[in-house]
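The following explanation is meant to be read alongside the coordinates. Please load both chains before going on.

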Amino acid sequence: MRFVNTLAEKPWLNPDDGQASANYMVQDQASINLFGLRLLLAVIFVVFALFVGAYNMRMTYGDVNDLPMHWRLILNTSILIFSSLILHIAYTGMDKALASKQAVEIQLQRRIKCLYLIAGMTALMFVVAQITLCQQLMNLGYSLAANPANSFFYLITGLHALHIIGGVIYWCYCYRLCWQTDSWKTTETRQALHHQMRLCANYWHGLLLIWLMLLSLLLMT
Amino acid sequence: MTAPDTHSTYGPQSFWWKYIWSQDHKVIAIQYFITSLAIGLVALVLSWLMRIQIGFPGALEFIDANAYYQFLTMHGMIMVIYLLTAMFLGGFGNYLIPLMIGARDMVFPFLNMLSYWLYLLAVIILVCGFFVPGGSTGAGWTLYPPQAILPGTPGSDWGIIFMLVSLVTFVIAATMGGLNYVTTVLQARTRGMTLMRMPLTVWGIFIASLMALLAFPALFVSGLMMLSDKILGSSFFMPAIISMGQDPGYSGGSPILFQHLFWFFGHPEVYIVALPAFGIVSDLISCHARKGIFGYRMMVWAIVSIAALSFIVWAHHMYVSGMNPLFGFFFATTTLIIAVPTAIKVYNWTLTLWQGDIHLTLPMLFSVAFISTFLIGGLTGLFLGNVIVDLPLSDTYFVVAHFHMVMGMAPVMVVFGAIYHWYPMVTGRLLNTTLGHWHFWVTFIGSYAIYFPMHYLGILGMPRRYYAYEDYSFIPPSAQDLNAFITVAALIVGFFQLLFLFNLIYSFFRGEKASANPWRATSLEWQTPDIPPTHGNWGAQQPTVYRWAYDFNVPGHSSDFIPQNTPVMNEGKDHEIR
């Protein structure tokens, strides 16, 4: 609605005397980054949505075999959910650290670092679990070229895992920040760390949602 | 809204950081321009070679059927993706968005730099395709399976792989660029620059970037799936088939699925190129006719509606592939509906010219040429949008003429007009006008000389994508004369593009020095403290915007234009009256 209202403006009628600048809000780099990340997630979502569309269209041909991996997929998914949850807890823990006017307690720092480490490791664990699942399927004779369901499965999970790995690389950067003593010293540095963790958590949650969409597709067809 | 003022970060840098690994949007834009022009030159030469074969069959011995299809494929792909898309979004988008909205740079400068280098990598991979065993792919720019990856099609071993890898790389580069353009427009506008005060150039590029973010994934997905079919032996698009007496081992894939994915990208792609052209030409016409754009709000709505509608018309490229008649009806209807906002734009350009103080400068000449070529190309699009007319005309030269007029010549006219308009801002010098007039008249008349006869050839039934046209009883011998005429025209027009390139280089060193705002334009890019603008664009303080970008010949003003950053001086009533 806001967009429609914007499009209804008549700019030729209202040259102003600085009114617009009076209402001017400085967009900080943090919110710009967050906006950019959400836009990126939207694009990634479109990529996978197109895979879903193609998958549905291809599955109507009747030559599709089911893959025997439902319980493993659910197990792997639970690892990803756990990872996302832990990262969220770590990020909300940073909220507390941010509110602190004084130096952040060592105990809180340790807790956040520990949670952050677990989140990254479990995300890696998810990738490894997906790879071993694929290997297991290959050993059972479900090769990529044997059936369209296999082809889609390998391509979709592979591409999703690549995105997770991209996230893990960014996580490494954040984790390095987390371990730097300077990151906890002042409100500004804590804010910067908080911002990085927020971006990381957003990306994690976004990829989890996309994976849940893919999982429901794989389980339902 | 704008990013914090960080002028101090835009200090002088070393040569490498300033011109090669630059994060300055203007340098990146020029890098995009140079690369796209270079690869465009390759496509131009390929078109000459194709036309020589058609006009004078056998004149060049090295052009056999395989080479012809390779030239055809590479010409199409380069023109659509690596020249026009890259130039409009990467070139004009990069240069103009931050300047026109009063920002210091793109919001993610590093990503912007990465986007260019990935684009360059995509171009290099594409060019490498010429030199791999078997040469580049000759599958046609649509790359339809199964023929694209089966033996018998030129470049089906390595050429197609290089093409697909290049396309996937390009999509990643375009996504990085698109994220930057959209975020910059929405998050980094300067004080007072509301969305509805943005020049239409920015609107066009902004919406085209959004479309690119939604449409390019389809190319990415189809590219990955075809790569998998080719390299890993999957059967996404490959049906059970016997090829050259052999069973390649595919089964049950759907070539139609590829067509859907490809055209879900392919049709919006037309508008990804067209919308920036629409925006730019609106600004050129308004500025050089010294008159506010007619129906600004309608123009914005038209851009937005064209973008939305363009996602539900894709299957009009697939009428001959066969579909439920109801789908045919649906896609024909949506195709005709999209003509409405497009027609609004054409009317508004014409009405802007009406009673304007028209200056027949080169940008204006090219703008008028754009309206003309776009109108002709658009009208033949109405023919082809109808199923019953499309079926007999499909795969004939009528289609070739249509899309070259509407998507080839029309946007290219805007590219030229825009370069003549903004060249002084980029270099501080004007392009040579005499050379420019030669360039314009030959290009404009030449484009009609090339493409008008093609409509006739298409109606005669002359099929496209044929290497030779001998012994076809339904094609009269006179068609060959027409083909020879088209070839001569194409060679002349092509030569005059080289003259344009010469002008670009010559004027850079010897061109007449331009004043700070030689066209007396209102938009922000001409109001920077330095022309050409330096890194950071705005000196110590970013500008504040007080008005829209089309205040030309405002009653009660001595000057015939008021820049966007000029405060109001007791003139509200004048505006209200208008």
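**Chain B**

Buried residues make up 63% of the 578 residues in chain B, where buried means under 20% relative accessible area, exposed over 50%, and partly exposed in between (1.4 Å probe, protein chains only). This is a predicted model, in which local features need pLDDT of at least 70 and side-chain atom pairs count only at pLDDT 80 or more, while totals for chains, interfaces and linings use all residues. Residues are numbered from 1 along each chain as its sequence is written, chains are lettered from A and ligands numbered from 1 in the order in which they are written, and side-chain values use heavy atoms, with hydrogens and water left out.

The secondary structure of chain B consists of 15 helices and zero strands; helices (H or I, at least four residues) and strands (E, at least two) are DSSP runs, numbered from the N terminus. The C-alpha atoms of chain B fill a box of roughly 80 × 50 × 45 Å along the principal axes. For 578 residues a compact globule would have a radius of gyration near 25 Å, and the 24 Å of chain B agrees with that. The radius is taken over C-alpha atoms, and the globule rule is 2.2 Å times the number of residues to the power 0.38.

Of the contacts in chain B with a separation of 6 or more, 79% are between residues 24 or more positions apart, a contact being heavy atoms within 4.5 Å. Chain B has an accessible surface of about 20900 Å², and 70% of that belongs to carbon and sulfur atoms; the areas come from the Shrake-Rupley method with a 1.4 Å probe, and for residues only the protein chains shown count as cover. The 21 positive and 24 negative charges of chain B have mean positions 13 Å apart. Lys and Arg count as positive and Asp and Glu as negative, while His and the chain ends are not counted; each charge is placed at NZ of Lys, CZ of Arg, CG of Asp or CD of Glu.

One residue of chain B can be followed in detail. Ile172(B) lies in helix H5 (residues 159-187) and is partly exposed, with a relative accessible area of 36%. Leaving aside residues up to four places away in sequence, Ile172(B) touches Leu118(B) and Phe220(B). Phe220(B) is 48 residues from Ile172(B) along the chain, yet their C-alpha atoms are separated by 8.3 Å.

Now to chain A. It has seven helices and zero strands, in the order α-α-α-α-α-α-α along the sequence. The radius of gyration of chain A is 22 Å, well over the 17 Å that the globule rule gives for 221 residues, so chain A is more spread out than a compact globule. Its C-alpha atoms fill a box of roughly 70 × 55 × 20 Å, taken along the principal axes.

In chain A, 50% of the 221 residues are buried. Residues 24 or more positions apart supply 83% of the chain A contacts with a separation of 6 or more. The accessible surface of chain A is about 11000 Å², with 65% belonging to carbon and sulfur atoms. Chain A carries 14 positive and 10 negative side chains, and the centres of the two sets lie 10 Å apart.

Cys174(A) is in no disulfide either, with the nearest cysteine sulfur, that of Cys200(A), 4.4 Å away. Cys172(A) is partly exposed at a relative accessible area of 40%, whereas Cys174(A) is buried at 0%.

Conventions: Disulfide = S-S within 2.5 Å.
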